[in-house]
Amino acid sequence: MRTRINILILGLALMVSVAIPTGPAEAQQTGSVVGTVVTPEGAPVSGAQVTIPGTGLRQATDAQGSYRFASVPAGTWQLQAFQLGFREIRIDDVQVTAGQETRVDVTLEILPIALTGIVVSPGRRAQRQTEAPATVTRVGTDEIMGHPGGSFANALKQVKGLDFIQVGVTGVAVNARGFNSSFNNRMLMMEDGRIAVLPESGLPLGQFTPIPQLDLAGMEVLVGPGSALYGPDASSGVISLESKDPRDFPGTSAMVTAGSRSYQNVQVRHAGVADNLGYKVTAEYHSVNDFENRLNYGDAENPLWEVGTGGSFDRDADSGVDWQNQAIRGQGSLVYYMDESRVELGAGASQLNGVGQTNVGRNQFDDWTYNYLQARFTTPGWFFNLYRTQSQSGDSYALNRFTENRAANPDPSDDEIRLGSDWPSDGRLLAAEVQNQFTLGALRGSEITWGAQYRRDAVSSDRQWLTDRLTGEDVIISQLGVYGQVETPITPELRLVLAARVDDHENYDTQFSPKAGVVWSPSADQAVRFTYNRAFKSPTILQTNFWIPDFVPFVGVFHNTDGFIIRDADGGEVARLDPLTPESNQTWELGYRGVLGDRFLVDVAGYVGSYKDFMSPLTVFANPFGATIFSAEPTTAFWASGELEGQPVTNEDGGPQIPLTYWNLGEADIRGLDFGGTFIVNPRVDVKSTFSYVGLSSDPAEGGPAQEATALNSPSTKWSLGIEGREFNGFGGGATLRYVNGYNFQSGINQGKIPTHTALDLTLRYQVPGTGLHLNATAQNLFACGGESAGAERSCGIDQSYIQMVNMPALGSIFLIGARWEL
């Protein structure tokens, strides 16, 4: 451990030594370059980015559209200028003479609409979307607010490469590039620079977010491996949420939404700046009677219908499961502005009630809470971030355990059964990050980004279902990561991108995540990229520290950080399970992003990936009473290392156990294609489309836990087609048609064929002239084709019920009407 930490510190020191100037360089003859950037009508363009590739010189124009580079090495250079809403311009053969001034005035051509934007997530720095060495989509404020209600998720429906799986009115699961599950943490979620996960399970926040929709400034979705800069849990991508800054979005706003299934949502936001102090406060209340279904935890001959508190086992009676999805969330911050620097103190919290799916059944969320505290400091070239998050399960419990415990124990009260079926948890995450960005002129103006992250998770299960039950102490895991990226312009048109991250974790070996790529921009707004990434998915605390003997009589769940030896009755070794380690993947990607003519934006990427060391589902690996996948005869599990090395796996009284655990097994290769296109019909109408294909290029595993662990669990093809209109005498709106090819899904008890489904959404908007009042109406799943259950025949119609996930309710049409005021 100490050696690995020393390696990390050495790598950090090397990066710091590069970042700090060591002394004056040899004198170089220079001249100056000055000019203005204007529109075709001669109006100044402020904030335009002007660069001279190969020198590291970059500058934004002032209010008069002027720029000035005082020290440009003598020679012949290219000058580039860009601003959102305009076409990039490149001026070749700019002659710079030592001691003289060269004037270069630039006229930018206005595009019908901004087809390219600025993104941050691919390189952890602001850069043009066409220059990004990854598949990334930016979802702006207007797109987010174009959907009434209390969820940002609907704005993700047309993100290229993303599996969008709706499981309720506002409940959504997302995934990218295969290998989905009912307990999926392959995509990392970030919120304002915070790692946004539930520490006890590793799952992304999703509906637990404390950010109201009204306070969202934008989202970025990075599809594909992201570990080189983001570390664990970015195996398939990153979703980053950015809330509104008080200075950029001042004023008071409110939104009220109502709709079908007793939908209610109220949001308010107030922000402002007094002198140099900015502030904001936001809050949201949300409630809806969600779609319902009922699971059978028995079989056809002996059904055991799901029940909650107060429920009846009679299939036609009240189940007792509370399907009212209810959330309260909000956040606030104070920001002190200092020229180009800012210091921010923020806090937020949420509380959620509803139903959530797991691999073994479903959870009843009852006052599950999440909160955070954060301090951030940003100054040119530097970013410092310190935050703490906490997740507490409240009175939540597992419906599958409650059902089984109630059936086996009819006499105790519901409260007693619930207490025996809960998953008490208190998960705390403490994290800090420092990041630096600078330009290294000596290396052809290379853009350097480097940083370090520290994370400490502390989780208590109230000494019930994690190893704190065994040790009497909270589960505490620390990890440290160091990352860096260098983007070097080989020529004005060709850039080399090299990145790497080293992560040190207490429970497994140091992980190295490299990235390499080239981006070729033969002309303005055209880029071809070729990249290689290695990423890893770390085991969660749930997977490494699960400990609950006699989960049911004679059956227990045991953590796998020490490995197991499986022996027969004579003591002979039958099999051996190594300690759980991260799953890894290597991906090669070839992509193109460009503007064709003035009206057509194309973004397409093809990729191949190799995955290994998948993590198995929770599986029996020994059985002192019978057969297992390893032996037809009874076997006993022994600890292979650690404090219990050589001892048999037993319950707390020394009794025999049929043990379940997680381990690594299986490999798979995939190939796929993601496409996104936007066609600007005119400044008021555009058409968007997406298409994705993913498939296994290796033979699938047959039978046993390997088959489930390596199951693709994703549609081979999906597409969407949408049209959007705006500014028709205050009216706007759109229509989106989505198609998802049917596919097999295997994840714990959730097994079956998800039928092919198609759905049409409509939106209508109106801004009352001369006011800040916006009216919105939407009809989701207005017309749909699909099956009402796994493997069911498809039917089509208005308000047609259909499923998008096995063992979750069939969805019907959802109608919402909202009003938003901006004062």
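Predicted model: local features only at pLDDT ≥ 70, side-chain atom pairs only at ≥ 80, totals over all residues.
Cys-785 counts as buried because its relative accessibility is 10%, where buried means under 20% relative accessible area, exposed means over 50% and partly exposed lies in between (1.4 Å probe, protein chains only). Residues are numbered from 1 along each chain as its sequence is written, and side-chain values use heavy atoms, with hydrogens and water left out.

The structure holds one disulfide, a term used here for a pair of cysteine sulfur atoms within 2.5 Å. Cys-785 and Cys-796 are the residues that form the disulfide, and their sulfur atoms lie 2.0 Å apart. The pair links distant parts of the chain, since Cys-785 sits in strand E48 (residues 773-786) and Cys-796 in strand E49 (residues 795-798), eleven residues apart. Strands (E, at least two residues) and helices (H or I, at least four) are DSSP runs, numbered from the N terminus. The torsion about the S-S bond of Cys-785 and Cys-796 is about 120 degrees, and therefore the disulfide is right-handed.

Several strands are joined by pairing, which requires that DSSP finds at least two bridges between two strands. Strand E23 (residues 362-379) and strand E24 (residues 382-392) run antiparallel and are joined by eleven bridges, and Arg-376 has Asn-385 in E24 as its bridge partner. These two strands, E23 and E24, form a hairpin with two residues between them, and in the turn Gly-381 has a positive phi of about 90 degrees. E24 also pairs in the antiparallel sense with strand E26 (residues 426-440), again over eleven bridges, and here the partner of Asn-385 is Glu-433 in E26.

Elsewhere, five strands make an open sheet with mixed pairing, in the order E11-E16-E17-E14-E15. Its edges are strand E11 (135-140) and strand E15 (194-195), each of which pairs on one side only. Within this sheet, strand E16 (residues 216-223) and strand E17 (residues 237-243) run antiparallel and are joined by seven bridges, and Leu-222 is bridged to Val-238 in E17.

Most residues other than glycine have a negative phi. Ser-262, however, has a positive phi near 55 degrees, and this residue is placed in the loop between strand E18 (251-259) and strand E19 (263-274). Asn-713, which is not a glycine, likewise has a positive phi of about 55 degrees, and it lies in the loop between helix H8 (704-709) and strand E43 (717-728).

A further residue to look at is Val-694, which lies in strand E42 (residues 685-696). Val-694 and Ser-716 are 22 residues apart in sequence, yet from C-alpha to C-alpha they are 5.0 Å apart in space. If residues up to four places away in sequence are not counted, the residues in contact with Val-694 (heavy atoms within 4.5 Å) include Arg-177, Tyr-607, Ile-670, Leu-712 and Ser-716.

| Residue | Relative accessible area | Class |
|---|---|---|
| Cys-796 | 49% | partly exposed |
| Ser-262 | 44% | partly exposed |
| Val-694 | 5% | buried |
| Asn-713 | 4% | buried |
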